[in-house]
Amino acid sequence: MGFLALLLVASMPVVQVLLIGVVGAFLASGYSKILTSSALSDMNKIVFTVFTPSLMFVSLAKTVTLSDVISWWFMPINIGITFMAGGTLGWIACKILKPPQHFRGMIIAFCSAGNLGNLLLIVVPAVCDEDGNPFGKDSSRCRSLGLSYSSLSMALGGLYIWTHTYSLMKKRHQPDSIQCPADSDEECQAQKVKANGEAADADEETPLPLSAKIDEQNEEKQMEAPLLTCKGEVAKKGSWTNLKETIHHVVEELTAPATLSAILGFVVGLVPWLKSLVIGDNAPLKVIQDSIQLMGNGTIPCVTLILGGNLTKGLRKSELKRTVIITIVCIRYVILPLVGIAVVRAAHGVGFLPHDPLYRYVLMMQFALPPAMTIGTMAQLFDVAQEECSVIFLWTYLVASIALTTWSTVFMSILS
């Protein structure tokens with residue numbers, strides 16, 4: 001296939017995303033007011049708990065085999081490289097541009113965490129459905145394999161995002177206040193209240209008499225020792241608390257509906273008697289497969305509508321400089337895809353990857369994706385930089401319409 005033919009094949013999925021995204025943006029706008037904030041939140045919960053797990057289960061259970069699991073071992077490493085390379089580039093960008101401290105974690109997160117699930121679930125099957133794609137004439141098998149690769153990418157990406165990116169966002173946005181253990185004495189708690197109220201009381205201070213100043217100084221001396229003790233207790237408990245929180249979030253991600261459905265899909269696909277019981281035209285419990293697949297079919301349109309609705313929030317003003325947004329766009333759509341080509345070609349050259357060109361295409365695409373929408377969820381969770389996140393999402397996803405098409409064409413021309 002020529003470059004223009006590949007460009008046409010690669011552009012169709014992106015145009016589909018844009019058209020459905022525009023519908024979502026209109027439904028979320030002031031003209032329609034159908035997809036309100038609460039409606040988007042409820043719709044997102046349904047996609048997270050029902051539609052996406054259903055699609056992942058059916059996709060993996062249908063196609064996965066033991067040999068596939070062994071041959072796909074490089075994908076978690078590839079995703080780890082995307083996070084490491086993007087995070088390093090984001091850290092360098094922060095050192096050069098010197099943005100406000102409370103934005104740095106967010107910037108590094110945008111550079112490192114890509115949309116490893118939803119967009120691949122849309123783009124890869126759509127590429128397989130196009131006539132003349134370089135992945136074989138059997139579009140149904142190509143689509144099935146593409147959904148399996150994308151489902152595995154979503155499961156692994158979610159694990160990375162809710163551990164690495166979550167801890168990064170949380171660490172960067174913790175308030176600088178005095179934290180005292182629950183069982184600490186009243187003096188420590190009083191000092192915490194005093195510290196939190198100093199800024200608010202500063203404007204209302206009036207000159208004190210000399211005797212009052214002396215009494216205040218004596219009280220400060222008495223408070224100093226308990227305060228140091230309180231800080232020491234927090235320092236001792238801090239590392240253990242952080243460890244417990246990290247373990248809690250890892251377990252939380254492992255028990256998320258999408259992850260559990262991926263694990264269940266692997267189990268059904270790897271156990272022959274289970275697979276023959278549920279999967280296939282002659283399976284006794286084929287109705288279960290059909291029902292789950294029917295729910296999974298709602299994933300892609302709903303995710304795209306939500307994406308369009310969320311991007312309308314990026315029309316607001318923010319404190320971010322244009323250079324920061326341009327830097328994030330350059331890292332995600334220029335540097336990382338070049339890194340991806342080098343990594344995948346090197347891994348294939350030394351025999352780490354199977355000969356399936358679709359698998360290598362998915363690995364390369366993982367380097368060229370826009371930022372993960374989950375970052376916006378985390379910003380909303382911590383109630384910080386929500387406007388800035390929306391602005392970055394707006395510009396990165398607008399540029400993605402061109403960048404994804406271009407890089408998808410380049411990747412297919414390399415693999416064809």
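## What "buried" means here

A residue counts as buried when its relative accessible area is under 20%. Take Cys-128: its relative accessibility is 1%, so Cys-128 counts as buried. Keep that cut-off in mind, since it comes back throughout this tour of a predicted model.

## The big picture

So what is this protein built from? It has 17 helices and zero strands. There are 416 residues in the chain, and 46% of them count as buried.

Now think about who touches whom. Take the contacts between residues at least 6 apart in sequence: 84% of these join residues at least 24 apart.

## The nonpolar cores

The largest nonpolar core has 91 residues. Which of them have the most contacts inside it? That would be Met-75, Met-106, Leu-358 and Tyr-361. Helix α17, covering residues 386–415, gives this core its largest share, with 13 residues. There's also a second, separate core of 10 residues, including Leu-27, Leu-40, Met-43 and Val-47.

Let's zoom in on Tyr-361. Leaving aside residues up to four places away in sequence, Tyr-361 touches Val-123, Val-124, Val-127 and Phe-135, and also Ser-408, Phe-411, Met-412 and Leu-415.

## A mostly covered helix

Met-106, one of the residues with the most contacts in the largest core, sits in helix α5. This helix runs over residues 101–112 and is mostly covered, with nine of its 12 residues buried.

Which residues of α5 are buried? Start with Phe-103, then go from Gly-105 and Met-106 through Ile-107, Ile-108 and Ala-109 to Phe-110, Cys-111 and Ser-112.

The structure holds one disulfide. Its partners are Cys-128 and Cys-142, whose sulfur atoms are 2.0 Å apart. The angle about the S-S bond is -60°, and the link is left-handed. What does the pair tie together? Cys-128 belongs to helix α6 (residues 118–129) and Cys-142 to helix α7 (residues 139–172), so the link joins parts that are 14 residues apart in sequence.

Cys-111 is in no disulfide, and the nearest cysteine sulfur, belonging to Cys-94, is 7.1 Å away. A disulfide needs its two sulfur atoms within 2.5 Å. Cys-111 has a relative accessible area of 1%, so Cys-111 is buried. Is Cys-330 buried or partly exposed? Its relative accessibility is 36%, so Cys-330 counts as partly exposed.

## One salt bridge

Side chains of opposite charge can pair when their charged atoms come close. How many salt bridges are there in this model? The count comes to one. Lys-286 and Asp-290 form it, and their closest N and O atoms are 2.8 Å apart.

Why are these two separated by about one helical turn? Because they are four residues apart in helix α12, which spans residues 286–296. As a general rule, an α-helix has 3.6 residues a turn, so residues three or four places apart point the same way. Both partners are partly exposed: Lys-286 has 22% relative accessibility, and Asp-290 has a relative accessible area of 32%.

How values were computed: Residues are numbered from 1 along each chain as its sequence is written. This is a predicted model: local features need pLDDT of at least 70, side-chain atom pairs count only at pLDDT 80 or more; totals for chains, interfaces and linings use all residues. Side-chain values use heavy atoms; hydrogens and water are left out. Buried means under 20% relative accessible area, exposed over 50%, partly exposed in between (1.4 Å probe, protein chains only). Contact means heavy atoms within 4.5 Å. A nonpolar core is a set of buried Ala, Val, Leu, Ile, Met, Phe, Trp, Tyr and Cys residues joined through side-chain atoms within 4.5 Å. A salt bridge is a side-chain nitrogen of Lys or Arg within 4 Å of a carboxyl oxygen of Asp or Glu.
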